[in-house]
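Student: I would like to go through this model term by term. Please set each value against its rule.

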Amino acid sequence: MSIYRHTESALIHGGNTIDPLTGAVNIPIYQTSTFQQKALGLHPEWEYARTGNPTRAALERLIAELEEGTRGFAFASGMAAITAVLSLFRAGDRVLISSNVYGGTYRVLDKVFSAFDLHYAIADTDDLNELEKEITPDVKAILVESPANPLMTVTDIQGVAELAKRHHVLTIVDNTFMTPYLQKPLPLGADIVLHSGTKYLGGHSDVVAGLAVVKDAALGERLAFLQNATGGVLGPQDSFLIIRGIKTLAVRMDRHVENAEKTAEFLNSHPAVRKVYYPGLSGAQGYEVNRRQAKNGGAMISFILDDQHDYRVFFSSLKLIALAESLGGVESLVCHPATMTHASIPKEIREKVGITDNLIRLSIGIEHIGDLLADLSQAIEASSK
Ligand SMILES: *Cc1c(COP(=O)(O)O)cnc(C)c1O
């Protein structure tokens, strides 16, 4: 029985990250690649740091506890985590993905795994009837993100998981945008949760990391084997930084979301803005589903300016909000999905799913809301044709 019942406390005490050797309240950075063995054939807990390192293990326990899974895994990047998880499948299998999954997820399936005959199909994961039609006998998993980048499309995680279970297919949820503080896919029925720890979990735009959590112990064994066999593990220094980031996740997310809600309202009522994509805005696609499965709408917003405003000038006019890839850091960032995060998706597919050239994506940081709105306001004004 745990001594705390709330995620806020688990973020700080979960996974017991106190050093077992000294009692240091922060797990040390065990900067070592190997461990002395007392005698032949004893197979101690720590042997070689690709297989296991105490700092990484503390993070792995922590993320497993936060996501309410049985086992967690830390990788050198979100893509390394996704690659290890996709390695669970074999030639001839197929993975269903939603149309706007992270660009790198699409790319690794399209350009890397397809060469090994692991196929993928793009499915409409926000329409369960359409999704069910795509579940051919070779489909072994459905990989979703909710909300999905960059149109913040909401997918009914519980609905997908129930459908998947009926067809004996795994449900994999990339929970990067929400974090376990706002949404927990495993209790909703998912089998595997993925994270780019680079984003909100690290939270300070200073480390690249990936995480995976499973519910089923046998699946955990297989993923542990794959993590060790393929070797894309997170180093001890970066494991420490992610643990440190996670401790402040709740307070950061509260401010991220408070700012995002105000920004979404601001954009939604701005005469120059044609459309706002934010699942926390009542009337948005998936608003009700998101409210059921998540604490709130998160802190990612996309929007489109009307034809009287030039999006290119908007980008070049921002002063505080930096143009950069990535998201989830304390600083607000703006991104142009068509040429940045989703550039690896062919233009025809991009346009078809709504990632038009004038789409603007914001990662709302934790600055003062007044400064954020002032920057957006002056950049919109400057972009007037
Ligand atoms: C960034 C991101 C990834 C990839 O993570 P890296 O740490 O950059 O490898 C995967 N999924 C989502 C939703 C992301 O935002």
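Student: Where is the place of Pro-147?

Tutor: Pro-147 sits in the loop between β4 (139-145) and α6. Helices (H or I, at least four residues) and strands (E, at least two) are DSSP runs, numbered from the N terminus. This is a predicted model, in which local features need pLDDT of at least 70, side-chain atom pairs count only at pLDDT 80 or more, and totals for chains, interfaces and linings use all residues. Residues are numbered from 1 along each chain as its sequence is written, and side-chain values use heavy atoms, with hydrogens and water left out.

Student: What is the peptide bond from Ser-146 to Pro-147, cis or trans?

Tutor: That bond is cis, with omega near -5°. The bond from Asn-149 to Pro-150 is also cis, again with omega near -5°. Pro-150 lies in the loop between β4 and α6.

Student: What makes phi of Glu-68 worth a remark?

Tutor: Phi is near 60° there, a positive value in a residue other than glycine. Glu-68 is in the loop between α2 (54-66) and β1 (71-75).

Student: How do you know that the side chains of Arg-292 and Asp-156 meet in a salt bridge?

Tutor: The rule asks for a side-chain nitrogen of Lys or Arg within 4 Å of a carboxyl oxygen of Asp or Glu. Arg-292 and Asp-156 give 3.6 Å, N to O, so the pair qualifies. Glu-8 and Lys-295 give 3.9 Å, so that pair qualifies too. The latter pair links distant parts of the chain: Glu-8 is in helix α1, Lys-295 is in the loop between α11 (287-293) and β9 (300-305), and they are 287 residues apart. By this rule the count comes to 15 salt bridges.

Student: Which bounds does the domain assignment give?

Tutor: Domain 1 is 7-247 and domain 2 is 250-382. Such bounds come from an automatic or database domain assignment. The C-alpha centres of the two domains lie 26 Å apart.

Student: How many residues of domain 1 are in contact with domain 2?

Tutor: 37 residues of domain 1 touch 42 residues of domain 2. Contact means heavy atoms within 4.5 Å. The domains bury about 3,200 Å² between them, 60% of it on carbon and sulfur atoms. Buried area is the accessible area (1.4 Å probe) that two parts lose on being put together, summed over both. In domain 1, Leu-151, Leu-182 and Tyr-200 lose the most area to domain 2, together 23% of what that side buries. Two salt bridges cross this interface.

Student: Why do the side chains of Asn-358 and Thr-356 count as a polar contact?

Tutor: A polar contact is a pair of N or O atoms within 3.5 Å; within protein, one must be able to donate a hydrogen and the other to accept it, and residues adjacent in sequence count only if both atoms are side-chain atoms. Asn-358 and Thr-356 are joined at 2.7 Å, so the distance passes. Asn-358 is in the loop between α13 (347-352) and β12 (359-363).

Student: How do you know that β10 and β11 pair?

Tutor: Two strands pair if DSSP finds at least two bridges between them. β10 and β11 (residues 333-335) have two bridges, in the parallel sense, so they pair. Leu-323 has Val-334 as its bridge partner in β11. Strands β2 (residues 94-98) and β3 (residues 119-123) are joined by five bridges and run parallel.
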